[in-house]
Each structure stands twice: as C-alpha cells, then as structure tokens.
Amino acid sequence: MTDTIATTASSVATRRFPADFLFGAATAAYQIEGASHEDGRTDSIWDAFSRVPGAVINADNGDVACDHYHRYRDDVALMKQLGLQTYRFSTSWARVRPDGGPVNPHGIDFYSRLVDELLGAGIKPWLTLYHWDLPQALEEQGGWTNRDTAFRFRDYALDMHEALGDRVDVWTTLNEPWCSSFLSYTAGAHAPGRQDVAAGLAAGHHLLLAHGLAVQALRERDPGLELGITLNLTVAKPVDPASPGDVDAARRIDGQFNRFFLDPIFRGEYADDLRADVGHLGLDDVVLDGDLAVISTPIDALGVNYYHGESVSDRPAEHPLLGSAPTDRPTRSPYPAADGVFNHPQNLPLTAMDWEVQPDGLRELLVRVHEEYAASAGVRLYVTENGAAYDDRVAADGGVHDGERTEFLESHLGAILDAVGEGVPVHGYFYWSVMDNFEWAWGYDKRFGLVRVDYETQERTVKDSGLAYAAIIRERALPAH
C-alpha cells in the first residue's frame, strides 16, 4: 500500500454538495475477492463461464482477483484514507450458500468481519445481495429461467439479514438485472452465456420477482431497513427526432433497457408497448397472477448506475462504436425485439471501453427518473455506479496521473449538482470502482479504479483521481478550474 494520502493543492470551492450527500465507492464480490474455492466457497456461474474458451479476454478469471478476501483490512484502511463515507459491496451467494445449499458459516464470517472493519473505520456498509454470481449448481437447475430461483434468493436474503442485520441498515437486492438477464441469457456475453430470447425475458421477470420477494421478507423481518434495488439506466435518443424509424428505435431501447424494470417496480405493470414488442416472445408465459403486486412492493431507495447514453437509429452507422469486449466467442444482441436498431456515435470523447463520455446524460436521466417514478413514490435516489476505464500507467515518479478519469469524475459530479439544481434530491454518489478489478468479459484488460492494483504483487497505488476524489469529499465541493 502506498503512503497515506496527502492533501492536494488548495483550490477554491465553487459548487457545494447538500449537507446529507453521501460520498462512496463500489465493488462487487467476484470482481475483487479471489479465494474462489477457499473456506467452502464453490463455483458461481462466473467461475464456470470464465473457463469457457473465448468467453473472457486472456482466459482471465476471479480465482485471485484483488485478493480482497485476505486483504480486506488493508483495503478498508485505504477507503478510510480516501475519506469514503460509505462503501457499496456485494455478498457472494456462492460463498454464503455454496451450491445453493445450507449456510456456510465461513462465508458468513468473512462478511461479518468486513462489516465490523468498515464500522470501525467510520464507513457506512451498503450491502448488495446479488451482483451476478449465481451458484453454478442453481444454474444447472435452470438458473434465473427457473421460477424457484426467486424464492431461493429470498431465503438467501433472510440468511444474510440474520447474520448482518444488527449492523447493516441499507440493503440492495439486485445490481443491474438488465445485465444478469438480457446480457447473460439472451446475448450470451455474460455468464451463464446463453443466447435465447425467451430465456432472457424469463430471467428478467424472475429477477424482478426475486427482488419483490426479498423486499417483502426483509420488510417483515425488520421494518427499519432502507431497502432498494440498483438499475443500470440509459438515455436513449433518436439520431433524427423527425424520423419515425429513429423515434421507434429509441422507444424500443428505452422499453427494453429502462422501462422493463422501472415500470414493474414503480407501477406494478409492464407497459403496453413493451408487451406488444416482447410479450409473445416469452414474457407472457412467465408472468403469473400476483407477480406484479409482489414486484411493486414499495422500496425506499433506487440506485441509478450510469456510464453513457445511446443515440439510436433504424439505419446502420457508418463507423459504429462496439463498446463490448472483443472476445473470440460469438454473441448476439441482448435486446429481445430490437433487430434493426443501431447505435450511432455522437462525436464525444471516449473511454478505453469505447464508451462515450456524456455527463449531461446523467443529469437528464436523474431528472426523468425523479419526475416519472421516484418523486411520487417517495423513493430516495442515489447514483450507485459511475466511472470510466482508461489505460493508465504507473509513471516514473511512482504515481498514476489519470487526468481523464479525474475530469470524468468531476464532470459527472457536476451533472449531479445540475440535477439537484433542477429540484432532484440526489442523496449520494458511488464511484465505480474503489480499485481496479476483474472486469467481467474484459478480464483484467480494463481498469476503472481510483486505486491501481498490480495483479502480480497486489500492491495498491492511489491514482491522481483518487486524490482528487478525496479532496472533493474533504471539501464537500467541486474545485474551481
């Protein structure tokens, strides 16, 4: 670990954050923990998928990752140096209930120790129950296409509350169910790697059902909890607002990316236009009487994950941006009914993922979600993931001078303040990620962290962006430039 973070050069604060605004950062279990088969943990779908030839760049896997399982105390000390007020982490179902079976006391003990370490450092633990690491044994029984998995998830949620409910009061059910359904069961780009439209729709609905069942059970167990879900959302706009084909393309992406999850959670329904698009492809077969009432069980908090927007058309782009891992394994579109929809570049700066840097999209998204969903439901909004991968390197002076990431961070925090200025009560921000880690199909090829990880030595080095974030947290304001 590098030396204690020093104060950066003084700057004049121009834009202050609300007094109750929480500054945090996030990770996920499989991406950082390692110890993939220690202390009773068994395979998750990502352990199995990482062994599929061509599925992950360089055949990378999470066997060691950042070795957080053994180094969590040092990592929490680093978070304290950064000044984080809260830390969003996920618990591994495959560690806590290996193979979906009985509770593993060793797995529970790890998360109990982690929570105690966080509390001892004055950092609020923010627990996510599911960040894509379904036990492989449950996948072999159908995974998220099997309705029973939703009920097993509820039981796992209650097990975690039994262990940690006395110390953790913020519980997120799922992280980005769009990814763990459509990207995973329809596109085949993520674990378990299926390429089946009906499977993706079934998985999406059953993930929502799992969310509702867990919220009901946790609410009954402990009415004082702050309960919610985290969704990755986008701003989908037509390339040509005067083109009916482009307008319909944007409607389809919005429906199959955003509203597929927002409408059931907040309104207890799938929108008519969405059902017209995808109902006959398998959704109507899995939605049973009473499901939507369970899914729309009131929540307290919605986490918004935002990385970039979409500009779409019914005409192909001349020079499209791929934005997905260039693995050897063929995949298909994640969208069940968006054939003939094409993304177009917007001539914006790009991250190392070929994702466009579009901070104003975050402002626009927060305003929309607040006005159309959260405000009337009394739901608190947080930005629970936002970050950028750049090909940063350790310089001759030992530092990591990632100015582009610092600019990304400050511009998106500025977009949040813009939304606050428009009347949206945003309650917190979590940068993705605390440290470089296993980036799913990208393996270790892309780095998002505020802290660089040398995967050979496991040495941590705070990047300039981490120093900049520490200064923002300390001043509770964006610096003048």
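These notebook entries record what I looked up on a helix pair and on aromatic rings.

**Basis.** I worked with a predicted model, in which local features need pLDDT of at least 70, side-chain atom pairs count only at pLDDT 80 or more, and totals for chains, interfaces and linings use all residues. Residues are numbered from 1 along each chain as its sequence is written, and side-chain values use heavy atoms, leaving out hydrogens and water.

**Helix pair.** I looked up helix α14 (residues 359-377) and helix α15 (residues 403-421), whose axes come within 8 Å and cross at roughly 30 degrees. Helices (H or I, at least four residues) and strands (E, at least two) are DSSP runs, numbered from the N terminus. Axes are lines fitted to C-alpha atoms, for helices over the stretch in contact, with angles from 0 to 180 degrees between N-to-C directions. I noted that Pro359, Leu362, Arg363, Leu366 and Val367 in α14 meet residues of α15, including Ser411, His412 and Ala415; contact means heavy atoms within 4.5 Å.

**Aromatic rings.** I found 38 aromatic pairs in the structure. Rings of Phe, Tyr and Trp (its six-membered ring) pair if their centres lie within 6.5 Å; planes under 30 degrees apart count as stacked, over 60 as edge-to-face and the rest as tilted. Phe260 and Phe261 form an edge-to-face pair, 5.0 Å centre to centre with 65 degrees between the planes. Tyr429 and Tyr469 are each buried.

Technical notes. Buried < 20%, exposed > 50% of the residue type's maximum accessible area, 1.4 Å probe, protein only.
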